[in-house]
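Consider how charged side chains pair up across a protein fold, and follow a few of those pairs from one part of the chain to another.

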Amino acid sequence: MEQIQHKHVQVKGLKLHVAEIGAGTKVVLFLHGFPEIWYSWRHQMIAAAHAGYRALAIDFRGYGLSDPPLEPEKASFLDLVDDVIGVLDSLGISKAFLVGTDFGALAVFLAAILHPERVSGVVTLGVPFMLPGPSTIHAHLLPKGFYITRWQEPGRAEADFGRLDVKTVIKNIYTLFSSSDIPIASDDKEIMDLVDPSSPLPPWFSNEDLAAYADLYKNSGFRTALQVPYRCINKDCGIKKTKITAPSLLIMGEKDYGMKIPGMEEYVRSEKAKEFMPDLEIDYIPEGSHFVQEQFPEKVNELIISFLGKHGA
């Protein structure tokens with residue numbers, strides 16, 4: 001990790017944390033999800049740098065080492081697009097490949113639609129094309145204990161998380177999201193209650209990794225993270241154009257719990273996303289979970305570097 005350099009850049013009055021490695025003329029910008037952070041991309045950043053690319057990963061506003069928005073409860077997905085374009089502007093980068101996982105994928109899609117001239121190509125992990133809006137997640141088709149529904153309720157996640165230290169919260173979420181089952185709590189339980197305290201970490205996630213995440217979330221807390229993505233995911237961004245013409249790659253872990261969200265597997269396997277992304281390739285990793293880039297870094301690196309090579313001319 002000592003090869004990765006760190007800096008802050010100014011974006012609309014906020015200091016955003018940027019991790020960077022490599023000195024190539026072609027740029028890859030990695031965008032995290034939750035409960036992830038820039039560190040989630042450590043394996044891919046080093047691989048991209050070794051392949052000759054300049055690799056960047058940011059902490060979105062309100063996450064990790066980046067400043068929080070002035071009014072976190074008003075933050076939205078469009079703020080993430082400002083983060084992406086603002087970082088590129090601050091570093092004098094005209095164009096980049098965007099790679100996103102979890103809600104970071106939605107930031108990738110939005111940036112590619114709103115600023116196509118800045119995007120060389122698109123890679124998303126675990127999330128096919130979708131935009132924020134009322135129909136993004138069909139929560140009404142799931143029990144009311146569905147974790148997103150629970151976390152959208154003001155104060156509920158705060159009380160649930162607040163019973164535990166930050167390190168345990170991160171451990172629990174990583175444990176839950178590594179499963180192939182959707183986290184759903186019964187009426188008499190909270191989401192954190194779904195994890196047995198004696199449960200081991202996933203075998204690919206070390207105590208050192210957990211400590212790195214915990215330190216970053218101790219700094220930022222969960223206030224912005226609960227707003228973006230969970231409490232603004234149903235807010236329509238008002239975007240009418242829904243086609244991405246940049247070359248694109250979707251990497252899906254077949255054991256990702258997201259595949260069990262109503263309609264998701266059919267949407268992915270039918271390749272309906274190609275209606276919105278005509279130049280889309282889809283690759284599957286049979287045992288891949290929600291955190292496929294950390295679980296199978298060599299395979300994900302291979303897929304990403306191959307894609308960059310094909311479209312990096």
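A salt bridge is counted here wherever a side-chain nitrogen of Lys or Arg lies within 4 Å of a carboxyl oxygen of Asp or Glu. The model is a predicted one, and under this rule it contains 25 salt bridges.

One of these joins the side chains of Arg150 and Glu190, with a distance of 3.5 Å from N to O. Because Arg150 belongs to helix 4 (residues 147–152), while Glu190 sits in the loop between helix 6 (166–177) and helix 7 (207–220), the contact ties together parts that are 40 residues apart in sequence. Arg150 has a relative accessibility of 4%, so this residue counts as buried, the cut-off for that class being under 20%.

A second pair to examine is that of Lys310 and Glu281, whose closest N and O atoms are 3.0 Å apart in a salt bridge. Since Lys310 is placed in helix 11 (residues 297–311) and Glu281 in strand 8 (residues 280–285), this pair links parts that are 29 residues apart in sequence. Glu281, with a relative accessibility of 24%, counts as partly exposed.

Technical notes. Residues are numbered from 1 along each chain as its sequence is written. This is a predicted model: local features need pLDDT of at least 70, side-chain atom pairs count only at pLDDT 80 or more; totals for chains, interfaces and linings use all residues. Side-chain values use heavy atoms; hydrogens and water are left out. Helices (H or I, at least four residues) and strands (E, at least two) are DSSP runs, numbered from the N terminus. Buried means under 20% relative accessible area, exposed over 50%, partly exposed in between (1.4 Å probe, protein chains only).
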